[in-house]
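Dear colleague,

I am passing the structure on to you below, and my notes on what was found in it follow directly after.

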Amino acid sequence: MKFYSTNKSSAPLSFKKAVLKGQAPDGGLYFPESIPVLPKDFYTGLPDLTLPQIAAGVLASFVEDDIAGTTLISTVEDVFDFNIPLVKLDTDIYSLELFHGPTCAFKDVGARFMSRCLSIFTPSDKKTTVLVATSGDTGSAVANGFLDAANVEVVILYPAGKVSPLQEKQFASLGKNITAIAINGTFDDCQALVKKAFADQQLNKDLVLSSANSINVARWLPQSVYYFHAIGQLMKKGNKKAPVFAVPSGNYGNLAAGLLAKKMGLPVKYFIAATNMNNIVPEYLETGSFHPRPSIATIANAMDVGNPSNFVRIIELYGNDFPAINRDIKGFHCSDEEIKETIASVFSNNDYVLDPHGAIGYNALQKIKEVDEAGIFLETASPAKFPESVEPVIGEKIPLPVSLQQFVEREVNSIPMKNDYNELKALLSDKS
Ligand SMILES: *Cc1c(COP(=O)(O)O)cnc(C)c1O
């Protein structure tokens, strides 16, 4: 399978090359040349398949030219070594808990799969250096996803003193192949340094530099897997109806992965693009025009995105057919106040603690889904990651999940650095 650029001006590449490149040179996102429809018995058999078995079935045709079948199986067994349970909250509303991985958010899935791909694709006598800038969340998912990945060095830049202490510990205390650099500057400074490194031809000749950006195909494709797994669990619970999925969205990678699953034949009635006050995509669904603008800060801050990068993949999936897009996706957005009301009411009615992102998904199902429809919302992160907004609403402390507890006692061990490209370049050259 080849992957072409959504801007159509760069040459199509193999999976391996698309993963190593990240973004296409023409600025587009890589997209599969064809979308395989899986055999019918794969769908009817979903309740009896394990998560890794589903992953291997879903991903095989995308990666088979570059990853042997047996390697794919051992890779997905390693990536999906945690549960993704479907939890029933109401008669017809279910939470797909995507937060049981090492950093308690769904980004663990994509980060772990991509890191394994890079290890497979890097010759044993070479090294790939992954460079990322983070304001918190991406850094922890990437650092933990790439920890111990063979032949891969990870360098994470973050603004000194501007990320939460627990988050800093999640990516700056690991050691081994993970180096954290505390830049004396802002997140934008960190991002500018990363851009400069990628544009530095000399540096890119000396070492294989890669980005773990969320638009990478190796982060995007494995997110389709848990939609199949969710339906398998729904069938197991005796529900045979094609469900509605509410997807809390920011860059829209998760939603685009769900739509890809539907194109592969997964029986989904429709999706809800659920977001906060950054309602660029719901507005597009209503008006047909797409207006990126500066993001607004909300308590569902992982979705504070004003120019969603994966929107082009949604357009590509539907060949820009607006009526078809509207049949499959409904838009929903809500305010911080509504998020808090949802967290409060689900806590008192269902004794279940939502995080601010998942709360938008739940709210969307309640407002949009018909009574006879089964609805699944993606619970994209553990509420324990957002104590400052959730605890005052429920009036209780949220216990820290075991996977986060282990970080509390850890020592931050990062390298302080001025906002100076030459210092960064010297460090990167040393690592290669
Ligand atoms: C990244 C993130 C999202 C948004 O996912 P996209 O794929 O960017 O739409 C939602 N919730 C949480 C907790 C996230 O970290």
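Aspartate 200 counts as buried, at 12% relative accessibility (buried means under 20% relative accessible area, exposed over 50% and partly exposed in between, with a 1.4 Å probe and protein chains only). Its side chain forms a salt bridge with lysine 425, the closest N and O atoms being 2.9 Å apart, where a salt bridge is a side-chain nitrogen of Lys or Arg within 4 Å of a carboxyl oxygen of Asp or Glu. Aspartate 200 lies in the loop between H8 and helix H9 (201–206), while lysine 425 belongs to helix H20 (residues 421–431), so the pair ties together parts that are 225 residues apart in sequence; helices (H or I, at least four residues) and strands (E, at least two) are DSSP runs, numbered from the N terminus. Lysine 425 itself counts as partly exposed, at 23%.

Please bear in mind that this is a predicted model, in which local features need pLDDT of at least 70 and side-chain atom pairs count only at pLDDT 80 or more, whereas totals for chains, interfaces and linings use all residues. Residues are numbered from 1 along each chain as its sequence is written, and side-chain values use heavy atoms, with hydrogens and water left out.

By this rule there are 13 salt bridges, including one between lysine 176 and aspartate 148 (3.3 Å, N to O). Lysine 176 sits in the loop between H7 and E8, and aspartate 148 in the loop between helix H6 (137–146) and E7, 28 residues apart. Lysine 176 is exposed, with a relative accessible area of 62%.

With kind regards
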